[in-house]
Amino acid sequence: MADDEIDCDRALIELYEFLDGELTIERRERIELHLHGCQHCFASYDFEQELRFVVRSRLQMEVPPSLIERITRLLEHEARYIDQPGQG
Ligand SMILES: [Zn+2]
């Protein structure tokens with residue numbers, strides 16, 4: 001029975017794989033079991049999840065340089081158009 005249990009070091013190593021979705025269902029369940037009974041590992045899990053969420057949302061916000069260039073050109077064009085003295 002104790003064979004199924006993993007210690008904190010092992011749990012944290014597998015935690016990274018768990019977050020990357022590289023674990024088998026069996027190993028996932030084993031880690032989840034450990035997380036439920038271990039405050040220390042659960043806190044780490046929480047933090048890792050948060051971190052990944054922040055990184056992912058930041059990546060989504062990153063704009064390709066070509067798009068920035070296009071927007072800049074559009075704005076310059078617009079500015080020039082507005083700067084023109086009104087005719088008529
Ligand atoms: Zn633990």
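Helices (H or I, at least four residues) and strands (E, at least two) are here DSSP runs, numbered from the N terminus. On that basis the chain has four helices and zero strands, and its pattern along the sequence is α-α-α-α.

The structure is a predicted model, in which local features need pLDDT of at least 70, side-chain atom pairs count only at pLDDT 80 or more, and totals for chains, interfaces and linings use all residues. Residues are numbered from 1 along each chain as its sequence is written. The predictor's confidence in each residue is given by pLDDT, from 0 to 100. The chain has a mean pLDDT of 82, and 89% of its residues reach 70 or more.

| Helix | Residues | Mean pLDDT |
|---|---|---|
| Helix 4, lowest confidence | residues 65-83 | 82 |
| Helix 2, highest confidence | residues 25-37 | 89 |

**Helix 1**

Helix 1 (residues 8-19) has twelve residues and reaches 16 Å from its first C-alpha to its last. This is close to the expected 16 Å, the expected span being 1.5 Å times one less than the number of residues. A residue is called buried if 20 or more other C-beta atoms lie within 10 Å of its own, exposed if 12 or fewer, and partly exposed in between, with C-beta atoms placed from the backbone. In helix 1, Ala 11, Leu 15 and Phe 18 are buried. Seen down the axis of helix 1, its buried residues fall within an arc of 65°, so they line one face of the helix; the arc is that of the directions from the helix axis to the C-beta atoms. An α-helix has 3.6 residues a turn, so residues three or four places apart point the same way. The face turned away from the buried side of helix 1 carries the exposed residues Asp 9, Ile 13 and Tyr 16. Gly 21, with a positive phi near 70°, follows helix 1.

**Packing and core**

Two residues are in contact if their C-beta atoms, placed from the backbone, lie within 7 Å. The buried residues of helix 1 pack against helix 2 (25-37) and helix 3 (39-61). Leaving aside neighbours within four places in sequence, Ala 11 is in contact with Ile 6, Ile 31, His 34, Cys 38 and Cys 41.

A nonpolar core is a set of buried Ala, Val, Leu, Ile, Met, Phe, Trp, Tyr and Cys residues joined through C-beta atoms within 7 Å. The largest nonpolar core holds six residues: Ala 11, Leu 15, Phe 18, Ile 31, Cys 41 and Tyr 45. Helix 1 gives the most to this core, with three residues. Buried residues make up 8% of the 88 residues in the chain.
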